[in-house]
Each structure stands twice: as structure tokens, then as C-alpha cells.
Amino acid sequence: MSALLEAQDLHASYGGPAILKGISFTVGEGGITTVLGANGAGKTTLLRAICGMCHRRGRVRFAGQAIENKATEDVVRLGVAHVPDGRGTFLHLTTEENLRLGAYTRHRDKTGIAHDLERVFGYFPKLKERRKQQAGTLSGGEQQMLAISRGLMLRPKLMLLDEPSFGLAPLIVQDIFRIMRAINIQDKVSILLVEQNAELALDLADTAYLMETGQVVLSGPAEQIRSDPSVRKAYLGY
Amino acid sequence: MDALLHQVFAGLASGGIYASLALALVMIHNATNHINFAQGEMAMFSTYIAWSLINIGVPYWAAFVATIVISFFAAAAIERILIRPVEKAPVLTVVSVFIGLLLILNSVAGWIYTYTIKSFTSPFPSEPPFGNKFVSSHELGAIAIALFVLVAMYLFFRVTPLGLAMRAAAENPASSRLVGIRVGWMLALGWGFAGAIGAIAGMMIAPLVYLDPNMMAGIMLYAFAGALLGGIDNPWGAVIGGFLMGVLENVVGALIGTELKLTVALVLIIIVLLLRPNGLWGHKVVSRV
Amino acid sequence: MNLHHLKRAIMALFALLALTPSAHAEKKYDPGASDTEIKIGQTMPYSGPASSYGTIGKAEAAYFKMINELGGVNGRKINLISLDDGYTPPKAVEQVRRLVEQDQVLFLWQNLGTPTNSAFHKYVNSKKIPHLFLATGATKWGDPKNFPWTMGGQPTYQAEATIYAKHLLKTKPDAKIAVLYQNDDYGKDYVKGLKDGLKDKAQSMIVAEQGYETAEPSVDSQVIKLQSSGADTFFIFAIPKFAAQTIRKTYDIGWKPVVYVNNVSSAVANVLQPAGLEKSVGLLTAQYFKDSHDPQWANSTDVKQYLDFMKKHHPDGDPKDSNNAYGFMQANLLVHVLKACGDNLTRENILKQATSLKNLELPMLLPGIKINTSADDYFIIEQLQMARFDGKEWRLFGELLDY
Amino acid sequence: MNTTNKSQLLIALAAIAVALVLPFVVPDYRIFQLTMVLIYSIALLGLNILTGYNGQISLGHGAFYAIGAYTAAIMMDKANAPYWSTLPVAGVICLVVGFLFGLPALRLSGHHLALATLALAVALPQLLKYKHLEHWTGGVQGINLLKPDAPFGLKLSQDQWLYLFTLAVVVLMFVLARNLIRSRVGRALVAIRDHPVAAEAMGVNNAMYKSLTFGVSALYTGVAGALSAIAVQFVAPDSFPLTISFFFLVGIVVGGVASIWGPIFGGFFIQFAPNMADYLSKDLTGAVYGVFLLLFAYVMPTGVVGFLRKLASKSA
């Protein structure tokens, strides 16, 4: 499996103290990589650093291109869909408008967009019901579905997902993770998943990294990480 | 009764003025979430540009189009150069920049063109239509143009991807970048369009109230009130709000006298806003936390 | 007459003055005066809502610059310190105190605005600083008993309105009157003058009054209301912008009353042209100085002087703006007063000279208007002449009317 | 008392010491200007309590300033009331008006609140000129007042005395404001500004607090207005143009939003920036003032106080 995304010695900050202190990782082409860690470990910043949403230093390559100096929208245009924490919903716009915005970079492709809309409605039929509704009125779970769908509308090569399970009921979380796997397999989208729920994340991922205070402390295939005693104790609770 | 009817028509005519400037306010609001207090002065300055062009012999419609284009680029440049540095500053700082811009435009216009009033050409016939005594051709024409701008703007925001992207950029810049929207350009574009709409408004207003550096002071207040009354995020609402404002002001003046007409009109609007916090036709925003 | 001639004429005047006895009198100075300089203070609305009047101060400064280049007054340069008050009373107080206490001007001159001057009226009188020829037409500036140091600088609004009242009573005693006025001291002074002039008939003759605020975009609504009152005579007491709107609207709605428009808003270029000359036919007003762009004065020497002055010395200003002509005339008047003071440049003497003008004729004033003042008459211009607009120019008619 | 509190107290005492010396070393006309700075800073403090700490934008504080000024003027002119007695009355009247205005206003937010307050500022001059109130307000002509002499036979000029009197009021008002902001009430205000929903959930009565804030804010501005009437010795509708409300807003931005010291700097700006602009250009006075605003926004987007804090934290 060749690397789709590769970061080396990545540092990041928001102008103040360093949040990422030189970390390296890769996301394989077609694979699912997960980053685990406690609150404040720097997981969200890691995703933001890839997309140029904070000050960063180091090397990041995506699909063979250096992106460490690219603006957010240019990284996105290369095919990186970032589903941010807090879901980034356009609350005043309708569900459908939110989805159309996902496909903004190829807004001339009318038939393609229509097709993709149907595809995401296939994954999340709830969204079709809420199509004309203001997105601010959707429930938390629906907004998460909307956020993932919006990312999909980009037809990305890589999706960055920031805690998709956050604040959602277990059943909905399972649903979402099932669909993420489907997206990975059917749509050939590689995934970088940041998650608190280590159990679920390790089930889904093929590779895992463990972060503590801005550094990678452990990495390897998901199975191996799962069996690591310290991880079991700290993150899996058994 | 005839007099009251006449007041209603006069109110509609002034309402058309408020509506056209209100549209520029809606444009910037939808693109940037700000209320641009300098909008009136920008429109005034655009009108002086048109006046200068007409004065050196450029035919009216050529000057009209040229002014719109110049205003578009000038407004976009203002956003890029003057507003961008405070993009991330607290909203009050931005308001302060707007006030600064207002003062600069007003003062520079007075310096270049002096404060004496100038008549401004109307593209419409000088005879009132159908021989009526209620509305002049220009007033009717100005209303028609305001409605035309309204429809164009509505379609732009509702139907085109660019319009959608602009609304998105205003609401949530971070998310917008994540779908590939160049937010900086959306803001500049929003200002550009608002500048262009303001220019149209100015050129329609000036023949009625005459061109002078302070021409927009009162109009801006009414446009602001009208836009909020109708709903600042909705061009239709803002236009209807503008017309309502014009009629309200005239009818109140006719019924209770002029001494307190402004006060009464404003109190009425605030009562409406208390009952309908998003304006009469604004979009209700419900958000879950 | 070109500039060269103007310069020569002024120099000749100086030569004459050098021969007058006062020039040899003992030199006496109060603060602000010296062998080389006369310091004068002024507040003007260079910013704020009344900034359109700022050009008066600029025209006056330009005039003194010209005079100084020609050698000044009795060998002294005029130093006009003109400060912005933004047309707000607190700022005016502050700036006047600066002028008096820090800059130590000899006297104050042409301060603009009723509210602004009102704010420091008492202060300058308690300090005994001459407060001369104010650029406002309120009546209270002519009260030598209570405020001996303050003098107005133009016909009062009330007096002007009284003249209209008299004219109306003579020509149309059964008129039904509608009044449009600016809702501030300026407009209300006119209304008061009109009512005073109509005396006991005011109640019955005035059938409708409508005020407007300067912040209002248009006065269409007021005009319609006034029309519906059935009035056949219409008084417009407004500033140029609203007067032009009113004249046009009155015509457009087919209302044909006898229209009186106040002097401030009677300029052909600034008001009647924007309103439409054909819509202005028959307007009445009272004048005291020449409208520089009225064709009938095109050949008069002083108007040419004025236009020449504007071109050479105040090129940023609009010569059509009657405010500039006003400033030109006022600066002229002041130079006369200062010359008359000779070398006795005390505040007392300045006031004395300002209050003993006899039959002075000034450029830009209508032919025949003479300035007379005395210790108990502080009004400098007390003559006006009625005029009717014929579609091209104001036709003066009748006598000069004193008040 | 922790170290920042201590150093703040030291700065405050030093500032008061300088302020006490000033009237004895500068001429009367400068004292008058400094008195105006103090007066503006009280008004700005009031606006800052509302806008800075409670997050409600007001474009209409000029109205409260005017109400305070007219209260003082009418009391002194019609009832021969001593000047000092007008301050509490002006404050209470503005408190009540502000509170009553705040009651409905709290239903409005953002732009709508801005419009409602703007309407207040627009309507007030009209009311002052209203024919049925003319008897009290003096209508368009306004009211002239006399400046108070120093009491107890003190050998002070009128300007010196009024300055010292104003300074005392400033110190009192600032101490009260500081205590208010550091109290539970103050924390509630900030909570309402930052997390309205959460504040409500935690049992903060938003509605009550917001209206009260409006009232207190108006009280401050009203007291400032009363002082201004005494200092300027004149009130008229033209003393309170719409621009004054805008300049108050600008003043808190320049000084520093949500800071106790900001209003002092803002007061200096409101007082001296127009003079500077006038000094630099007669043709473009307004434009120069506008450029000042832009420069302040660019160089010190968080106001003078924010700028100083940044400098201090960098040097620390």
C-alpha cells in the first residue's frame, strides 16, 4: 500500500505554544488510519495542520505534492475533505444547499452533482427527508451525517474525520461507522480518523497512531495497537 | 382622501429610494455579515463619478454602465485593502473602520466637488406618465430599476453556485474554506456587488434629492430601518421594508404632523421588530447547541 | 478688471489711508495686535453636518492672504486663525477659549452658527472680546445693552420674513398662507418674523405650517400636505437643497401659489437651476447682495472682482456658491473696519469702529445698500429689496426696504 | 491582593496624582479640555459596561448624554438647583429611562438593537424641539448656564474647581464600575455576553440583568451629560448630533473594549482627535479623522489598552 498522505516532523501552533511537536505519520492509499489520544493531545490540530488551518512547519505530501505551504482551499481542491469537529454545518442554509456547497469545487458539473446527491441520500435517507430544511434545525446525528455527506460531495481522495462519534447516541454512531467503511470500500476514499472512542476506531482502521501531548508515542497496525497493554488500560478500559 | 392617496404614492416613491440602497445593504450583509455604515457614502461617491463622466460628455447610459463597473472594482478594492486588515478583529473595530470610511468618503467628496447641490440627469422622460400628478416618470423608473436589481439579486443568491458560496462564506468562513471556497474573494466580490448596486441606487436617488456629499445621511437611516423591518438577509423583505418605510413615514407625517413623524415611524418599526424579531420576512434561525 | 487692476486699486486705497491722520496717532495695542500682525479668531464648521458653510472661512482666509501679499492693513498682516467646531456648541466653546486664552486673538469674527455662538455668547462678553459680524441671522446678536461686544453680520432672518409679511399684506391681504420651515433656530426665526409681520392677522392667514428635519431625504410629503390645505401663498424657509426640492415639487404637483423663498435659498445657480428655471418663474425673495451668477450683474465691477478673486485665490471653492461671495463681502467689510482703526488696535477701538460705520458701501451689496451702525444699532445691513424671478434672473422691484 | 491588582492600584494612584497636579500647571483653557476628557471617559465607561462587558451594541448613547445634560440644565435654569445636585438626579432619570428602554430592547439583538438605539438618538433632538416641551427645553434656542465658583472660599478658578469636582466624580464612578464588574453581577454580565444560553441555564436572569445593565450604562452616560452641561454652560439640540453616539462607540474601540482603563484613552481621543484633524487640514478635516480611525483599527485592533497589554506581555 503506497502512501497517499505523508507527514514528516510536523510542528503546529495557533500562534502561541506548540501543539504538535514534530510528528510523522502516513495514510495509505485506500486505507483507514486512526489517531487516538486523550483530550488535548493535539489530534484536532493534526487534522488542521494538514489543511493549513493553523501555523505549521515540517513536510506534508499529498498524492505526491508538497502541501505544507498551501492554503486550506487549495488543499481541499486537491481532494482532501475535512469533516471538522463541531461538524462545520452552515446552519442558515438548507440541507441541500449544504450538500451542494460540498461540491463547490466542481460546481459546473451539474449531472455529476445530481448523481452524487442521490448517492449520499442512499447512504443517509434521513437527509433526503430534510432536504429543504434549514440545517440548523437538524439533530446532532443528522448534522454529523450531513457533514460526512458534504465531504463526500467533494469526491475526495482522502477524508479527514474529526471525532464523528462525539455527542451522539451509540446506535447512530454505529450507523455512521458502518457507512464510513462503505465509503472507504465502495468509493475508494482513504480515511484519516481522529477519535476518542478507541474501540470503534480500531475496529475500523488498518493503521493506528497514539498521540500524547503533541507527539506520537505509539504506532502500528490497528490490531497490534489494540493488543498493546497500555492502550488497553488507558483507552479501551479492559 | 385624494391627499392621503397622494401621500401613499409619494411614500412609495421615497420607498423605492430606500429599497434600492437597502438592497446594497443586504448584499454586503449576506456576503460578509456586516452592516456597512459607509454604504450610503459609497453610493454618493459613485454618483459623483457618474456626474463627472456625464459632465465631460459621456452619454448617460455609457456613464451609467461605466460607473457601475468602476464602483464594483473600487468597492472590491476597498474590501481588499481597507477591510481585510480587520477581518479577524472584533466586530466593534470593524464598525469603527466603517465609520472612518464614511467620514473619509464624505469629506473627500466635499473637497473635490464642494458642498453645493448639483442636479443629476434622469434617464427617464421629464413628463409624468399618463398625465398623472402623483408620480413622476423618474420615480416610477427608479422603482422599476430597484425591482429589477431585486430579481437579479434574488436569482443570484438562490440559483447560482457563486451566490450560494457567498452566503456560505459569510456564515461560516472556516467551513467554507473546507469546501474549497476562496473566502477572501467572496468577501471582495460581495463588496463589489454591493458597490455596484449602491451606484445604481445613487444614480436613481440623485435626480430626486440632488447630488451633494450629505445626500445619503437620512436615506441611509431609512434604508437601514427598512432593511431590518423586512429582514436584512432577504432581498425581497428588504425591498418591501423599504417601501413600507417610505409609506409609513409619509402617512404618519400626514396624520400626526411632521414634528414627531420620524420618532413615531421609528417607534412603530421597533414595535414590529419586537413582535417579529427577524423582521417581517427574515429567515428564522433555529440552532441547536 | 483683472487681478492686476484689482491690486492697483487696493494699493491706491492704502496710499490714501497712509495719509489719514489716524495713521499718525499713537500706537495702542491689546493682545493679538502688534506692529506687524493683527490676530483674529474664528470658528467654522469644517467638519460635521454644516460643513457646506466651511467654504466661507476658506474664502475669507484666501482674501486675507491676498491682502497680506499686497502689504496687509496699515502695514500689518492679518492672521486669521480659523478653527473647526463641527457645528457643535461644546467644541465651539473649547475652540473659542483656545483662541482667546491661548492664541490671544484681538477679537472674534464671523463665527458661524446660532447654537455655536450662543454657547460662548456670555463668555466673550464677560471677557470683553469683540465678537463681530457673526455668520448667523439670529436677532439676538443685536442686543448692545446686554451683550455690547457681540454684533451680527447679516440681515436677520426675522427681519427678512417681516419684509415678506409687509409685502404680502400690501399685495394680497386676503392670502391663505402655507409655510415650510426647517425645524431649527434658523427656520423658526423666519416663522416668528413672518408672524410678527402679519401681526394679528397671522392667526387667520396662516392655514398650514410644516417643519422638516435636515436629516430627511425629501420634503415631498410636506409639500403635498401643504397643498391640500388650500393655501394660495407659500413661504419656503429652507436651506438650498430643500428649497430646490420644494420649488420643483410644488410645480410638479400642479400647485400654483404665490411663492416666497428665503434669501439664503434664492441663488440662481444653486437652487433655481437644480429646481428648474421654468419651475421657478414668479418666485419672490428679498435680496441684499448680488447673486454672482445672475446675468444682470455679469458686467458689474464688483462681481467681476469677486469671480477674479475666486479664480486666482480660492480656486478650490465654487464661485457659484453664494457662501463664497458672502465671505468675500465680509472680509471686505472687516478690512474697512481695521483700516479705520488705524494704529489704535485695542479691543475697545475695534468695537468702536465697528459700531460707527457710516454709509459704507461694499462690493457685492445691491446698489444703494449702505452700512450704518452706532452704539445702539448693531445691525450692519438693514436694507433689503424685493425681487421676482423672471425665468432668467432676479428682477428687483420697489424701493430698498429698511427695517 | 495579588500582584496584578497591586500594580493596577499603583498605576491608578499615580494617574490620580498626575491628574491632581495638572490643573495647577496648565492654563485654564487646557483645564477645560481635560475636564471634557474626564467627562467623556465617564460616558465611555457607561457604554463600555453595556457594549464591552455585556455585548450589547448601542448607537444611541448620545441620547442618554443629552438627557443627562438637559436634566442638569433645566434644574439649574428653572429651579436654581445647585450644580452638584443635578448629577444624582440626571443619573437616576437615565437609569430609569435606560432600564425601561432595556426591557423591550432585550428582546432585540445585534443589528436590531443597534437600530433601536439609533432610533433613540435620532428621535431625541426632535423631542427636545417638540413644541409642548419647549417651555422646559428652551426649544431650538437651548439653555445658557452659569459656571459654578469654587466653594468654601477656595482660591481656585472656576475651571480648576470644576475639573477637580469632575475628577472626584470620575474616581467615584470608576471605583464603583470596577467593583461592579468584579462582583458576581459583573461575571454574570460577561457570562451573558459570551454564553447567553448557558448563562440562562445556570440560573442567570438574562432579561433582568440586561435591562439593569442598560440602566446602569445610561446612568453613567447621563451623569457625564450633566457634567458636560455644567462645563460647557450651554445645551441645545445641536449639542447632541447623531455623530456623538458614533463617536462614543469609536471611543470605546480606540480605548479598548471591555476594559476599565480604556475609557480614559477613549476620552482623550474624542476630545483631541478632531482638533488634530482640524490642525492637519481644513479641507479634509473629516477625512483625516477617518484616517485616524482606520489607523487605530489596524495598529491597535483591541484598543490602546489591548495594545499596552500586548506590549507588557511581550516585554515580560
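Modeller: Two residues are taken to be in contact if their C-beta atoms, placed from the backbone, lie within 7 Å. The model is predicted, so local features are reported only at pLDDT of at least 70 and side-chain atom pairs only at pLDDT 80 or more, while totals for chains, interfaces and linings use all residues. Residues are numbered from 1 along each chain as its sequence is written, with chains lettered from A and ligands numbered from 1 in the order in which they are written.

No contact joins chain D to chain A, and their closest C-alpha atoms lie 12 Å apart. Chains A and C do not touch either, with 35 Å between their nearest C-alpha atoms.

As for its own fold, chain D contains 14 helices and two strands; these are DSSP runs numbered from the N terminus, helices being H or I of at least four residues and strands E of at least two. The C-alpha trace of chain D spans about 50 × 45 × 45 Å along its principal axes. Of the 316 residues in chain D, 56% are buried. A residue is buried if 20 or more other C-beta atoms, placed from the backbone, lie within 10 Å of its own, exposed if there are 12 or fewer, and partly exposed in between. Of the contacts in chain D between residues at least 6 apart in sequence, 76% join residues at least 24 apart.

One loop residue of chain D deserves a note. D:His195 lies between helix H8 (184–194) and helix H9 (196–201) of chain D, and counts as partly exposed, with 14 C-beta neighbours inside 10 Å. From D:His195 to D:Leu128 the separation is 67 residues in sequence and 39 Å in space, C-alpha to C-alpha.

I turn next to the boundary of chain D with chain C. The contact between them takes 27 residues from chain D and 29 residues from chain C. On the chain D side, two or more residues come from each of helix H2 (28–53), helix H5 (110–129), helix H10 (206–232), helix H12 (262–280) and helix H13 (285–299) of chain D. H2(D) gives the most, with five residues. By class, this side of chain D has 11 nonpolar, 10 polar and six charged residues; Ala, Val, Leu, Ile, Met, Phe, Trp, Tyr, Cys and Pro count as nonpolar, Asp, Glu, Lys and Arg as charged, and the others, Gly among them, as polar.

The C-alpha trace of chain C spans about 65 × 45 × 35 Å along its principal axes. Buried residues make up 58% of the 403 residues in chain C. Among contacts in chain C with a separation of 6 or more, 71% join residues 24 or more positions apart.

Chain C also has two backbone details to inspect. C:Lys199 is not a glycine, yet it has a positive phi of about 55 degrees. C:Lys199 is found in the loop between helix H6 (185–198) and helix H7 (202–205) of chain C and is exposed, with 10 other C-beta atoms within 10 Å. C:Asn359, also not a glycine, has a positive phi of about 50 degrees. C:Asn359 is in the loop between helix H13 (347–354) and strand S13 (383–389) of chain C, and its 7 C-beta neighbours inside 10 Å make it exposed. Most residues other than glycine have a negative phi.

Helix H9 (residues 216–230) of chain B has 15 residues and reaches 20 Å from its first C-alpha to its last, close to the 21 Å expected at 1.5 Å a residue; the expected span is 1.5 Å times one less than the number of residues. Since 15 of the 15 residues of H9(B) are buried, this helix is largely enclosed by the rest of the structure. B:Gly231 follows H9(B) and has a positive phi, near 125 degrees.
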